[in-house]
Each structure stands twice: as C-alpha cells, then as structure tokens.
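Hi everyone, thanks for coming. Today I'd like to walk you through the inside of a protein and its aromatic rings. Let's bring it up on the screen.

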Amino acid sequence: MSCEYDFDYKTKYEFKDSVMRHAEICFEWHGTEYGIFWINGEQWVVTLLGEDDSQDVFYKNIDDVMNHKIGDDKLIDICTKFTVIERTFWNINTVISNDEG
C-alpha cells in the first residue's frame with residue numbers, strides 16, 4: 001500500500017510551527033538521516049539517526065533549533081529542501097511514515 005501524503009515542508013513557518021508543537025521529525029539531507037525530537041518535556045535534540053548519541057545537540061530555545069547547522073546549512077534554510085522520512089503531526093502522537101507497507 002502506498003501513502004499519497006507529501007510529508008515535506010512547504011514553508012519555513014510550517015516547519016518552525018511543527019517543531020514548536022513538539023513534532024518528531026526524521027529527515028534525509030545529502031544522503032544522511034537526522035531526527036529532531038522533544039525530550040524530557042524540556043528540550044529538543046537534533047541527532048544523526050542510527051549513530052552514536054555523542055553527536056546529539058540539545059536546545060532549549062526554538063530559534064537555536066532553527067539555526068542548528070548541518071554542514072554549512074541552517075535547518076531553517078533547508079527545511080523546504082530536505083526529504084521528510086517520518087513525522088508526527090503536532091503533538092497528538094500520530095505518526096505517518098513515508099515507508100510503504
């Protein structure tokens with residue numbers, strides 16, 4: 001079964017609003033998978049998926065998350081360009097995946 005929903009962000013506002021509402025986001029940028037998660041009810045983490053968590057970066061401020069750099073690119077500048085693999089919508093714990101099945 002194929003899902004017809006387009007998971008990718010269309011605007012910077014949509015992306016920032018989603019992160020502010022504590023959505024969990026997994027995305028691919030230049031062949032590498034990353035995640036943004038709200039943890040412990042107090043901070044966000046930006047992480048390489050499947051990698052050693054020693055590279056995790058933690059933020060308490062939404063603007064710091066938006067300015068997180070992957071290489072030379074800020075998240076806010078690439079959010080309409082990266083490929084969303086999976087994300088929750090807002091904070092209702094509904095997960096939709098781009099995987100078929």
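Let's start with the largest nonpolar core, which has 24 residues. In this predicted model, the residues with the most contacts inside that core are Phe-15, Val-19, Phe-27, Ile-36, Val-65, Leu-75 and Phe-82.

Now have a look at Phe-82. Leaving out residues up to four places away in sequence, Phe-82 touches Asp-8, Tyr-9, Phe-15, Phe-27, Glu-28, Trp-29 and Leu-75. Phe-82 also belongs to one aromatic cluster with Tyr-9, Phe-15, Phe-27 and Tyr-34.

On to the ring pairs: the structure holds five of them. Take Tyr-9 and Phe-15, whose ring centres are 5.2 Å apart with the planes at 75 degrees, so this pair is edge-to-face. Are these two buried or exposed? Both Tyr-9 and Phe-15 are buried.

Another edge-to-face pair is Trp-38 with Trp-44, at 4.7 Å centre to centre and 65 degrees between the planes. Here, Trp-44 counts as buried because its relative accessibility is 6%, under the 20% cut-off. Trp-38 has a relative accessibility of 23%, so Trp-38 counts as partly exposed.

That's my tour, and I'm happy to take questions!

Note on methods
Residues numbered from 1 in each chain as written. Predicted model: local features only at pLDDT ≥ 70, side-chain atom pairs only at ≥ 80, totals over all residues. Heavy atoms only, no water. Phe/Tyr/Trp six-rings, centres within 6.5 Å; stacked < 30°, edge-to-face > 60°. Buried < 20%, exposed > 50% of the residue type's maximum accessible area, 1.4 Å probe, protein only. Core = buried A, V, L, I, M, F, W, Y, C linked by side-chain atoms within 4.5 Å. Contact = heavy atoms within 4.5 Å.
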